[in-house]
Amino acid sequence: MNAPLLPNFFAGSWQHGSGEGTPLFDPVLGTELARVSSAGIDLAEGFAFAREHGGPALRALSYGQRAALLAKIVEVLQAHRDSYYEIATANSGTVAKDSGVDIDGALFTLGYYAKQGAALGEATLLLDGERIRMGKDPAFQTQHIQVPTPGVALFINAFNFPSWGLWEKAAPALLSGVPVIVKPATATAWLTQRMVKDVVDAGVLPVGALSVICGSSAGLMDALQAFDVVSFTGSAETGQVIRSHRAVTALSVRCNIEADSLNSALLAPSATADSEAFQLLVAEVAREMTVKSGQKCTAIRRVFVPRALYKAAALAIGARLSQTLVGNPRNASVRMGALVSQAQKASVLAGLAQLKTEATVLFDGHSAPLVDADASSACVAPVLLGTESPMTAQLLHAVEVFGPVCTLMPYDHIDEAYAMIRRGEGSLVCSVYSEDPAFTAQASVQLASSHGRVHAISPDVAALHSGHGNVMPMSLHGGPGRAGGGEELGGLRALNFYHRRSAIQGSSLALDALAAQGTRWPL
Ligand code: NAP
């Protein structure tokens, strides 16, 4: 018998798509969990409803009032937190700690925006910079303002963060006064759908402010209009489809793309095998490879160490990885669960085979048996690859394997390391491990133009840092070039995407009246 079809919340009501729907599976047990379908749903009606009902109701509130709504969402989600962990175990195959990255990461992000938004108070618009005189007489001036866009925000999300992926985007959108329509990736749509259901059932938001549509993406981009925005997270290939859609090219729908990324970790040239910088890099690489089974867009894919430390690093990372028991996340001894689906397993194994044409295997976790899971599950053990000739490699700098796979590479000169890191053609994050603040500063400047974030780690922040791959709401997330060219989070900077800037040229008296409705921006 088919699992139940999850309803979509669209145009202010719960609607089932037609047909049998697409099944969602438990990646460890192989059982069918739920089905999704968007077939037959009137997309134009749902988008119009959000624009005409959700948007105006949100924009009738101040930033402070909308921030209070975010705080209420946190309360609702907190109350149902246990059920989200159950869904994540079943549908994403993650151990509790990894489910927490997605679920508690979302709650933290929402809470952060609730607090930051409260500081914007009773304003309904943002006063962007100071007033500027247009001539000698100060009576005629320009004030730039930012106002929320009067359209909808469409989120097309990736499978690896069904919770955080929704709320890290929805928090700044709702705070801005822009209604949200989320289309989760099909494989893990259940958690997104359930969270929206809980928030809708609690009646926290105005109807039309938050909608969810699960299943096929067909027609979603066609439903966009001039003042809408689309925020996409997923593969570079789909990102290209989004970016070249008529809504973006002809209607100037603002588009944010978070795509794939060959993130790096760099050990300083002065490090030694017994230095703290070395230990910090080793621990972080092993952690990044195994958290969420390496299914993080920010995970470390390439590690650059001074040539003299190549073998020591391989041994040390391998030793850490050998402690990672892989298998059924329901078993308390398991540290790393499954990949999200059989399709991802096939994709990771194919990518690994590609990388192996240029690299040797330094550590392979497949020699250990899976715990409470058989070989037909979507579990894949961590694999550390390496090459002693990274400068001539091509695939190692070009193929993102979205799983517990990483490649270790030696460098002879720091400029060589920078050049190889940049061959990722724009990445989300690079972490730097050094005990020398001057080197860290120099490396940060070198890496900043090709990375959305540089995570610079030294012994004094060893116990404090937030982790290479953890995306924190106060810091920018996104990256240039191949990473999609997008920007998310970064504190209240995230509001820029959901606002329109306009230069108001007028009398000082009119600008005084305007200023009474606004708050200074940036704060
Ligand atoms: P994907 O296949 O590109 O899918 C992403 C989303 O796009 C899904 O919701 C998918 O729906 C939808 N989609 C597929 N084809 C579409 C089309 N023609 N038009 C509109 N939407 C379409 O990516 P994925 O495999 O889910 O995600 C893995 C990738 O995401 C990795 O490369 C990873 O690096 C990247 N990622 C990046 C970030 C970041 O923040 N930079 C974060 C997470 C993941 P269906 O699921 O229904 O096909």
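Me: Leaving aside neighbours within four places in sequence, with which residues is Gln146 in contact?
Reply: Contact here requires heavy atoms within 4.5 Å. Once sequence neighbours up to four places away are set aside, the partners of Gln146 are Tyr63, Leu125, Leu126, Asp128, Asn496, His499, Arg500, Arg501 and Trp521.

Me: What kind of model is this, and what pLDDT must side-chain atom pairs have to count?
Reply: Residue numbers run from 1 along each chain as its sequence is written, and side-chain values rest on heavy atoms, with hydrogens and water left out. The model is predicted: totals for chains, interfaces and linings use all residues, local features need pLDDT of at least 70, and side-chain atom pairs count only at pLDDT 80 or more.

Me: Is Gln146 buried or exposed?
Reply: Gln146 belongs to strand 6 (residues 140-148); strands (E, at least two residues) and helices (H or I, at least four) are DSSP runs numbered from the N terminus. Buried means under 20% relative accessible area, exposed means over 50%, and partly exposed lies in between (1.4 Å probe, protein chains only). Because its relative accessibility is 2%, Gln146 counts as buried.

Me: At what distance do the side chains of Gln146 and Asp128 form a polar contact?
Reply: A polar contact is a pair of N or O atoms within 3.5 Å; within protein, one must be able to donate a hydrogen and the other to accept it, and residues adjacent in sequence count only if both atoms are side-chain atoms. Asp128 is also among the contacts of Gln146. The polar contact joining these two side chains has a length of 3.0 Å.

Me: What is omega for the peptide bond that joins Trp521 and Pro522?
Reply: Most peptide bonds are trans. Pro522 is placed in the segment after strand 22 (518-521). The bond between Trp521 and Pro522 is cis, with omega of about -10 degrees.

Me: Is Lys292 buried or exposed?
Reply: Most residues other than glycine have a negative phi. Lys292, although not a glycine, has a positive phi of about 50 degrees, and its place is the loop between helix 9 (276-290) and strand 13 (302-306). Since its relative accessibility is 5%, Lys292 counts as buried.

Me: Is Glu425 buried or exposed?
Reply: Glu425 also has a positive phi, of about 60 degrees, without being a glycine. The loop between helix 12 (414-422) and strand 17 (427-433) holds Glu425. Because its relative accessible area is 59%, Glu425 is exposed.

Me: Which residues does Leu352 touch, not counting those up to four places away in sequence?
Reply: Leu352 is part of helix 11 (residues 342-356). With a relative accessible area of 5%, Leu352 is buried. Beyond its sequence neighbours, Leu352 touches Val383, Leu385, Val401 and Val405.

Me: Which helix gives the most to the shell around the ligand?
Reply: Strand 10 (229-233) and helix 7 (236-243) each contribute at least two residues to this shell. The greatest contribution, three residues, comes from helix 7.
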